[in-house]
Amino acid sequence: MTTPLAPAPAGGAGAPETPKTSVAPASPWALALHRVRRQKTALVGAGIIAFFILAAVLAPVLTAISGTSPDAIDKKAVDPYLGGLPRGTLGGISPEHWLGVEPMLGRDIFARLLYGAQISLLVAFVSALLITLIGTVLGITAGYFGGRVDAVISRFMDIMMSFPSLIFMIALLSVARDVNRVVLLIGVMSLFSWPYIARVVRGQTLSLKHREYVEAARASGTTNRRILFGEILPNLTGTIIVYITLAIPGLIGTEAALSFLGVGIRPPTPSWGQMISDAVLYYKVDPMFFILPSACLFLVVLAFTLVGDALRDALDPKGSRT
């Protein structure tokens, strides 16, 4: 008669050892990136942004492949007996002109869309960089030092925010004529946009300067400069990045609006807003001329908005909607 063997104790010597895997704690940025990757809308927006950036960078290569240029006039592609409308269907799409041509002049829409993307993204990115630098420096200085410094900077911000910015942009751009329009647009847009991020940074700095690690750094004799840029600024990085991604679509729309009104980028330099302005007269007889630049503008603004919302939710999970 055989006696059943007693099971070995779970923690005994005969029990097989299970390998222990040590998981390193993820950094806040790694966790935020993981949350962003889980949002399909953010991935779609990032893909659209990457597509337009790549198209803008490769504009010379793509136009060389298509055999067109943004300024070349092709009178053979338009019909003078029909008021200069493009020959063929869908705005004159052909092997020579992949997305058709403009009415009257016959300029290639594909080439002008690519170079228009360069202008829109360049103006928006450089303006966002400038307003971030100016707004962050002034906002963090006002919030940390307080007193008269805060009063002077805050009143200056209030004055700048009280201007009807669009009207003043139109006035300044209309007066200045013989200057580089891209540089002028960047300067004017940055001039009226920095107070908004400065106010956000100032409010965050007011709450951060009383934290324990800042008080400890101050008690140990650390200079104000090292406290500002070594202790406070790294904790504002998330807020600044989210603000930039949400400000870029507004800057792209502002550039397009100013070009649409005729005070921004001027011919022959291509711009999406300028193309939409020219297409207003032809949207019934040549709708593709109006749809294509409008669709590009809509997709870029939507993509940056989706990515900005995803970053905000990832960096602030308590306020996330998901």
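Of the 322 residues of the protein, 40% count as buried, where buried means under 20% relative accessible area, exposed over 50% and partly exposed in between (1.4 Å probe, protein chains only). The model is predicted, so local features need pLDDT of at least 70 and side-chain atom pairs count only at pLDDT 80 or more, while totals for chains, interfaces and linings use all residues. Residues are numbered from 1 along each chain as its sequence is written, and side-chain values rest on heavy atoms, with hydrogens and water left out.

The secondary structure comes to 12 helices and 2 strands; helices (H or I, at least four residues) and strands (E, at least two) are DSSP runs, numbered from the N terminus. Along the sequence, the elements follow the pattern α-α-α-β-β-α-α-α-α-α-α-α-α-α. Among contacts (heavy atoms within 4.5 Å) with a separation of 6 or more, 71% involve residues 24 or more positions apart.

We can turn next to the interior. A nonpolar core is a set of buried Ala, Val, Leu, Ile, Met, Phe, Trp, Tyr and Cys residues joined through side-chain atoms within 4.5 Å. The largest such core has 55 residues, and Ile252 and Trp272 have the most contacts inside it. Helix α12 (residues 287–315) supplies the largest share of this core, 11 residues. Isoleucine 252 is in contact with Ser120, Leu121, Ala124, Leu297, Val300, Val301 and Phe304, leaving aside neighbours within four places in sequence. Another core, of 12 residues, lies apart from the largest one and includes Leu208, Ala217, Leu228 and Ile232.

Aromatic residues deserve a look of their own. A pair of aromatic rings is described by the distance of the centres and the angle of the planes. Here, rings of Phe, Tyr and Trp (its six-membered ring) pair if their centres lie within 6.5 Å; planes under 30 degrees apart count as stacked, over 60 as edge-to-face and the rest as tilted. A search of the whole structure finds 10 aromatic pairs. One of them joins phenylalanine 125 and phenylalanine 304 edge-to-face, at 5.9 Å centre to centre and 75° between the planes. Phenylalanine 125 belongs to helix α4 (residues 109–145) and phenylalanine 304 to helix α12, so this pair ties together parts that are 179 residues apart in sequence. Phenylalanine 125 is partly exposed, with a relative accessible area of 32%, whereas phenylalanine 304 is buried at 7%. The rings of phenylalanine 163 and phenylalanine 168 are also edge-to-face, because their centres are 4.7 Å apart and their planes stand at 75°. Phenylalanine 163 counts as partly exposed at 31% relative accessibility, and phenylalanine 168 is partly exposed at 32%. Phe51, Phe52 and Trp272 form one aromatic cluster.

Helix α4 also holds serine 127, which is buried with a relative accessible area of 0%. A polar atom of the serine 127 side chain lies 2.7 Å from the backbone oxygen of valine 123. Beyond four places in sequence, serine 127 is in contact with Ile186, Met189, Ser190 and Leu251.

Lysine 209 makes an interesting stop in the loop between α7 (181–208) and α8 (212–219). This lysine 209 is buried yet has no salt bridge, and the nearest side chain of opposite charge, aspartate 150, is 6.9 Å away. For reference, a salt bridge is a side-chain nitrogen of Lys or Arg within 4 Å of a carboxyl oxygen of Asp or Glu. A polar atom of the lysine 209 side chain does lie 3.4 Å from the backbone oxygen of tyrosine 144. Not counting residues up to four places away, lysine 209 touches Gly143, Tyr144, Val214, Glu215, Arg218 and Ile232.

The loop between α10 (237–260) and α11 (272–279) contains valine 263, which is buried with a relative accessible area of 7%. The C-alpha atoms of valine 263 and isoleucine 170 are separated by 6.4 Å, although the two are 93 residues apart along the chain. Proline 268 is placed in the loop between α10 and α11, and the peptide bond from proline 267 to proline 268 is cis, with omega near 5°.

Methionine 104, in the loop between β2 and α4, has a positive phi near 70° and is partly exposed at 40%.

Technical notes. Lys and Arg count as positive and Asp and Glu as negative; His and the chain ends are not counted. A polar contact is a pair of N or O atoms within 3.5 Å; within protein, one must be able to donate a hydrogen and the other to accept it, and residues adjacent in sequence count only if both atoms are side-chain atoms.
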